[in-house]
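Here is a short briefing on the structure shown below. Please read it with the model open.

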Amino acid sequence: MKIQERTGAGAGRSAAPAQPSVGDRLPTPPRERKPALAALAVLLILVGALGATMLVLQAGDRIEVVKVTQAIPAGGSVNTSNTTSVMVAKDDSIHYVEWSQLKQLQKLKAVNAIPAGVVAVGEMFGDEAGVAAGKATVGLSLKAGQYPTGIKQGDTVAAYRVSSASGSSNSNSNNNSSSSVADSSVIVDNARVTYVPSAKDSGDELVSSTNLAVTLTVDSDKAAGLAQAASNGEVALVQVPGNSGN
């Protein structure tokens, strides 16, 4: 009887499924490594960090320079009315004119016409005006009434010969009539104002109580007649279409 009981108990235990041991688990396949993608990620991180560093350095290394706000003709000069200051990144390869050098720059002349909106560089200016071929500059000294109010550098004007002389007798009335026509004739129908002092350049005071110094650029064949009339005080300027402010 004991032998049968033991046999039955052993049979019951052997019928139960055996649990696999820890060492019998199936091995997992190794993960595939991609060194190229890892290297690319590292490279992108380095490039981004370098770019951010350069932006920070450029933002911190900036200078205040001169920017032209109104067109300056050849032979013209800068002043506080046709310039302003802007901040730019410092670049030793570009000869910027710093805002602190504006006073020195006013003594120089534009070698060629300078359009509005550009940043001034040293190569744009020189000791002598760059007058184009076939052109000449003529200086005028005008009294109040001989020039339009608000005349400024870059304006286009016509120069007329004017005279206050009149006949002294009725017998010369015909001669006086023809003389007045000649006295009001056009000397130059299209001249460019190369220079005229501004109120800001003279400390917000009148440049002169009597005369205003104006320089015009005209065709060479008109320069002699304009200069002669100017020396006699017989020139009046009139603004015509083509002004820089229009």
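What covers the buried residues of α5? The cover includes the strands β5 (135-143), β6 (156-161), β7 (186-195), β8 (211-219) and β9 (235-239). The model is a predicted one.

**Overall layout**

- The protein has five helices and nine strands.
- Along the sequence, these elements follow the pattern α-α-β-β-α-β-β-β-β-α-β-β-α-β.
- The protein has 246 residues, and 24% of them count as buried.
- Among contacts with a separation of 6 or more, 72% come from residues 24 or more positions apart.

**The five-stranded sheet**

- Five strands make up an open sheet, in the order β5-β8-β7-β6-β9. Their pairing is antiparallel.
- β5 and β9 are the edge strands, and each of them pairs on one side only.
- On average, neighbouring strands of this sheet are turned by 45° against each other, with direction ignored.
- Strands of a sheet pair through backbone hydrogen bonds, either parallel or antiparallel.
- β6 and β7 are antiparallel and pair over four bridges. Val 157 is opposite Ala 191 in β7.
- β7 and β8 also run antiparallel, joined by three bridges. Here Arg 192 faces Thr 217 in β8, and Val 193 faces Leu 216 in β8.

**Helix α5**

- Helix α5 covers residues 220-231, which is twelve residues. At 1.5 Å a residue, the helix should span 16 Å. The C-alpha atoms at its ends are 17 Å apart, which agrees.
- Which residues of α5 are buried? They are Ala 223, Leu 226, Ala 229 and Ala 230.
- Viewed down the axis of α5, the buried residues fall within an arc of 140°, so they line one face of the helix.
- An α-helix has 3.6 residues a turn, so residues three or four places apart point the same way.
- The other side of α5 carries the exposed residues Asp 221, Ala 224, Gln 228 and Ser 231.

**Ser 231, in helix α5**

- Ser 231 belongs to helix α5. Its relative accessibility is 59%, so Ser 231 counts as exposed. The cut-off for exposed is over 50%.
- A polar atom of the Ser 231 side chain lies 2.6 Å from the backbone oxygen of Gln 228.
- Ser 231 and Ser 141 are 90 residues apart along the chain. Their C-alpha atoms are separated by 8.4 Å.

**Asn 82, in the loop between β1 and β2**

- Asn 82 is in the loop that links β1 (62-68) to β2 (83-89).
- Is Asn 82 buried or exposed? Asn 82 has a relative accessible area of 3%, so it is buried. Buried means under 20%.
- Two backbone atoms are within polar contact of the Asn 82 side chain. The backbone nitrogen of Asn 79 lies 2.8 Å from a polar atom of that side chain. The backbone oxygen of Ser 77 lies 3.3 Å from a polar atom of that side chain.
- Setting aside neighbours within four places in sequence, Asn 82 contacts Lys 67, Val 68, Thr 69, Gln 70, Ile 72, Ser 77 and Gln 153.

**Thr 69, in the loop between β1 and β2**

- Thr 69 is also in the loop between β1 and β2. Its relative accessibility is 36%, so Thr 69 counts as partly exposed.
- Which residues does Thr 69 touch, not counting those up to four places away in sequence? They are Ser 81, Asn 82, Thr 83, Thr 84 and Ala 116.
- A polar atom of the Thr 69 side chain lies 3.3 Å from the backbone nitrogen of Thr 83.
- Thr 69 and Val 118 are 49 residues apart in sequence. In space, they are 7.7 Å apart, C-alpha to C-alpha.

Key
Residues are numbered from 1 along each chain as its sequence is written. This is a predicted model: local features need pLDDT of at least 70, side-chain atom pairs count only at pLDDT 80 or more; totals for chains, interfaces and linings use all residues. Side-chain values use heavy atoms; hydrogens and water are left out. Helices (H or I, at least four residues) and strands (E, at least two) are DSSP runs, numbered from the N terminus. Buried means under 20% relative accessible area, exposed over 50%, partly exposed in between (1.4 Å probe, protein chains only). A polar contact is a pair of N or O atoms within 3.5 Å; within protein, one must be able to donate a hydrogen and the other to accept it, and residues adjacent in sequence count only if both atoms are side-chain atoms. Contact means heavy atoms within 4.5 Å. The expected span of a helix is 1.5 Å times one less than its number of residues. The arc is that of the directions from the helix axis to the C-beta atoms. Two strands pair if DSSP finds at least two bridges between them. Axes are lines fitted to C-alpha atoms, for helices over the stretch in contact, and angles run from 0 to 180 degrees between N-to-C directions.
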